[in-house]
Amino acid sequence: MNLSSVESLAYSLPELILVFATVGILMLDLLITRKRILGELALCACGGAALASALLAGAEQGYLFNQMVALDGFAIFFKLFLSLSAFAAVYMSLGSRELDNEHPGEYYTLLLAAATGTFYMASATNLLMAYLALEFVSLTSYVLTGFIRASRRGSEAALKYLIYGGVASGAMVYGMSLIFGLAGSLDYATIGERLLVPSEANGPILFIAVLLVLAGFGYKISMVPFHMWSPDVYQGAPLPVTAYLSVGSKAAGFAMMIRFFYVALSHAGAGGVWATIEGLEWPNLIVLGSIITMTLGNLAALRQDNVKRLLAYSSIAHAGYILMGFVVLSDAGLRAMLFYIATYYLMNLGAFTVLMMVLNNSDREDMEAFRGLAWRGGALPAAAMAVFMFSLAGVPPFAGFIGKFYLFAAVIDKEMWMLAIVAALNSVVSLYYYARIVRTMYLDQPLKSDPVMTTDWHSGAFAGVLAVGTIVFGVYWRPLIDLADKSLVFFRG
Amino acid sequence: MQFEYANVLVFLGLGLFLCAFMMGLGSLVRPHNPERKKLTTYECGEEVQGDSWINFNIRFYLVALIFLIFDIEVAFIYPVVAVFKQWVADGNGLFALTEIFIFISILVAGLVYVWTKGDLQWIMKVVVPVKPADDPKQSQSPKVGGTIYVAD
């Protein structure tokens, strides 16, 4: 089906909920004095969007808004995932002391607006729409990064993010213009058809165009060499925003990248194996990117003492792991990516939640704030953090291990030994710094000056749910991998 | 296909030629009295004062942004007005009216927001949120030309 703008509205319930909540919260902010209601309203909107996305699962697949966005299994998977990411960000914001007295109306408006943008990033099937959605998410993220005005680090991060984002999106839109020149269309499926036929166009110009477009995607998912902004931004932004950038906006970047490379620059063959268009071996390029990204992320994380910055480098390294599934050109690789992104949600958001509890308690986010955490009233947060750390490192009974297992399986199935070996070595390296946090929490004795850890039920419950999820999906992951399998449907008209 | 880019080349050449032609023509016709003062920075006929790297009021941008929003509003309404009769004839009049109504009400929401927040007032009470310890230069920041800070 190919619906016009008005007909499409019936299938855009998740986005409509978010848009109405965005405008509603902004207006309500002017009327009420109990500002906490705004956050609660935003939470309901995200929950509603998640529910509405889940309800779309049975709908007929097709194009919406005159072929601008697609409604297919892949889009619905990411809509569900992204509304849950926004939900987590709003929930964390409600429990964060950093954001007290900081214009909640504007904050939740921007957060929900960013969430709406990520929805369109995941479902755009047109270069123009994809670019607009990306830019929309970027612009709101810049403001959110520098949202605490008194924080110099936050302002610095926002400015760096803005400048870096401007350069990356400029490169990207130039690449898109070259692709439009070569294919004569902005629509993914049409580009795929036109470039499929070998011609002089599939030469170096196409390669340069794809490289330029990759700069935009790479910036969003923080792939080396487009990662420079992320340590500073992750460290400077308010913690819930950092958590959202590392999960929501990154996942949206992956969704957009998968759709562009698999629909426009590849075609599906038999047995779940994909082939690139002739004359453009983009996987080789991204294999290199994946290897450098995970190695640099892990090596840089080794020496970090600020836990937020450490998690930023860890998030770069994980982008490298997820890219392993991207380069194998098979359904097995794609479903491993979706599965890994879902497990990454649990363990990474969990780690950020515990970090936020420590930050709320002691106003510090460095390694010393974790010293002897388990022995000064923080036994449960420490236990949860240990679960998240081991899961991020990819140690067996946790979800992170299963995620890595599927990624490695896809890579080894394709006999890309080099990539598999580098990734395995990287996992070993990463264990060092993840285990260092666990060691600090359990084996170091707290000093007299360290504050007693008090756990509030609000954030504690969330960390608990995520920890349970990390363990459950490490033991019984069937439903999640089935969902990922079912979601590998790209509507191509 | 490659030939179509010749248009761009011709356009570029024509542009360069026109620039050179105009400047050349000008230099032939105009009087030529070089003087030292003509080389100084021009600032609306005033003597140049101080550095250009100073703080100035962010409200200039704010007002420009608000103006831009309503400028674009008008730009979007014109095409609707142009085709409205046609749409009414096709029986879609109510639909077009609803659509433009939603569009304008979103903009009005923006106006209400800006108004309530006091951004339409040029002289505005500003609570400076920056802690003094956070910004060592805060105490000795220069008087900002043309702006009035009224701290609560």
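How many helices and strands are there in chain B? Select chain B and you'll find 3 helices and 0 strands, where both are DSSP runs numbered from the N terminus (helices are H or I, at least four residues; strands are E, at least two). Along the sequence, chain B reads α-α-α.

Before you go on, two notes. This is a predicted model, in which local features need pLDDT of at least 70 and side-chain atom pairs count only at pLDDT 80 or more, while totals for chains, interfaces and linings use all residues. Residues are numbered from 1 along each chain as its sequence is written, with chains lettered from A and ligands numbered from 1 in the order in which they are written.

**Stop 1: chain B**

Color chain B by burial: buried residues make up 0% of its 152 residues. Buried means 20 or more other C-beta atoms within 10 Å of a residue's own, with C-beta atoms placed from the backbone.

Now pick residues 93–116 of chain B, helix H3. Its 24 residues reach 34 Å from first C-alpha to last, close to the expected 34 Å at 1.5 Å a residue (that is, 1.5 Å times one less than the number of residues). Just after H3(B), click B:Gly118, which has a positive phi of about 80°.

**Stop 2: H2 and H5 in chain A**

Select residues 13–31 and 104–123 of chain A: these helices, H2 and H5, pack at about 165° with axes 9 Å apart. Axes here are lines fitted to C-alpha atoms over the stretch in contact, and angles run from 0 to 180 degrees between N-to-C directions. H2(A) and H5(A) are therefore roughly antiparallel, the word for angles over 145 degrees. Show side chains on the contact (C-beta atoms within 7 Å): among the H2(A) residues are A:Leu18 and A:Ile25, and the H5(A) side includes A:Leu112 and A:Phe119.

**Stop 3: H10 and H13 in chain A**

Next, take H10 (residues 229–236) of chain A along with H13(A): their axes come within 8 Å and cross at roughly 140°. What is the contact made of? H10(A) brings A:Ser230, A:Pro231, A:Tyr234 and A:Gln235, which meet H13(A) residues including A:Arg309 and A:Tyr313.

**Stop 4: A:Val328**

Finish in the loop between H13 (307–326) and H14 (331–362) of chain A, at A:Val328. Is this residue buried or exposed? It counts as buried, because it has 26 C-beta neighbours inside 10 Å. Beyond its neighbours within four places in sequence, A:Val328 is in contact with A:Gly333, A:Ala410, A:Val411, A:Lys414 and A:Met416. A:Asp366, 38 residues away in sequence, sits 38 Å from A:Val328, C-alpha to C-alpha.

Key. A residue is buried if 20 or more other C-beta atoms lie within 10 Å of its own, exposed if 12 or fewer, and partly exposed in between; C-beta atoms are placed from the backbone. Angles under 35 degrees count as roughly parallel, over 145 as roughly antiparallel, 65 to 115 as roughly perpendicular and the rest as oblique. Two residues are in contact if their C-beta atoms, placed from the backbone, lie within 7 Å.
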